[in-house]
Amino acid sequence: MLLLATATTGQVLSVKDAIVSRHSIRKFVQKPIPKEDIDRIFELVRLSPSAWNLQPWRFHIVTDTELKESLKEAAYGQQQVTSAPAVVIVISDMEDVIANLPETVHPGLSEERKQEEVANLSSFFNGLSVEERGQWGLTQANIALGILLTALQGYGYSSVPMLGFDQEKVKEILGLPEHVKFAAMVPFGIAESEGYEHHRFSLDKIVSYH
Ligand SMILES: Cc1cc2nc3c(=O)[nH]c(=O)nc-3n(C[C@H](O)[C@H](O)[C@H](O)COP(=O)(O)O)c2cc1C
């Protein structure tokens, strides 16, 4: 519990403490989250790595009560959606990335190298269908999701990643284009309940040496 007190004290957890103390939380204190805290967290998430640095992740933060009610309905009534003061929907939008490829190229490159990069990327992604590009982008957005959960915890906010919702309904509620892919819906706030004890496979099962 001591590890969760950082949102009020302004302290930030170490990476280790943030990872170890994170549990999915489904009941939250009814208190709005200061915009500065949200900005601090997303400034970290922004630094997530992605292949070719394409950064396809986009974050839709919902704090409006009525919108949260609609999201809860789309999430089959899961109470954590309205219990949380804020819900972030993590999506990948590869079509936006592809429409703006020059933005992704490192500013330090020469003009010639930049054009070359854009041409290579265009040629690669034009060879994929919108669905394939969507799935590709989703693998990248999931990296940002992992960092988001850790950063939230580090700043004293608990969360629960969710995929149990009707994606078409959420697209409708937020006015998102058909092609976007969902990494998760993440209600977050200060915890008002404790999560379950960690239950994880042993290292023997998940790590192999060759
Ligand atoms: C991609 C993803 C989707 C999930 N979807 C839901 C969900 O719809 N509802 C829910 O209550 N928990 C959901 N969870 C939370 C998991 O049940 C939880 O992370 C897992 O049991 C491990 O527990 P912990 O997060 O407390 O360590 C989801 C987790 C992930 C990573």
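This is a predicted model: local features need pLDDT of at least 70, side-chain atom pairs count only at pLDDT 80 or more; totals for chains, interfaces and linings use all residues.

Residues are numbered from 1 along each chain as its sequence is written, and side-chain values use heavy atoms, with hydrogens and water left out.

**Salt bridges**

- Side chains of opposite charge can pair when their charged atoms come close.
- The structure holds twelve salt bridges (a salt bridge is a side-chain nitrogen of Lys or Arg within 4 Å of a carboxyl oxygen of Asp or Glu).

**A pair in helix α3**

- D37 and R40 form a salt bridge, with their closest N and O atoms 2.7 Å apart.
- Both residues, D37 and R40, sit in helix α3 (residues 35-45), three residues apart, or about one turn of the helix; helices (H or I, at least four residues) and strands (E, at least two) are DSSP runs, numbered from the N terminus.
- D37 has 9% relative accessibility, so it counts as buried, and R40, at 42%, counts as partly exposed (buried means under 20% relative accessible area, exposed over 50%, partly exposed in between, with a 1.4 Å probe and protein chains only).

**A pair between helix α6 and strand β1**

- D96 forms a salt bridge with R58, and the closest N and O atoms are 2.8 Å apart.
- This pair links distant parts of the chain, as D96 is in helix α6 (residues 94-99) and R58 is in strand β1 (residues 57-62), 38 residues apart.
- D96 is partly exposed at 30% relative accessibility, and R58 is partly exposed at 26%.

- R113 and E116 form a salt bridge whose closest N and O atoms are 3.3 Å apart.
- Helix α7 (residues 111-126) holds both R113 and E116, three residues apart, about one turn of the helix.
- Salt bridges that share partners join R113, E116 and E117 into one network.

**The sheet**

- Four strands make an open sheet in the order β1-β2-β4-β3, with antiparallel pairing (two strands pair if DSSP finds at least two bridges between them).
- β1 and β3 (158-159) stand at the edges with a single partner strand each, so one side of each is left without a neighbour in the sheet.
- β1 pairs with strand β2 (residues 86-92) in the antiparallel sense over six bridges, and the bridge partner of W57 in β2 is S92.
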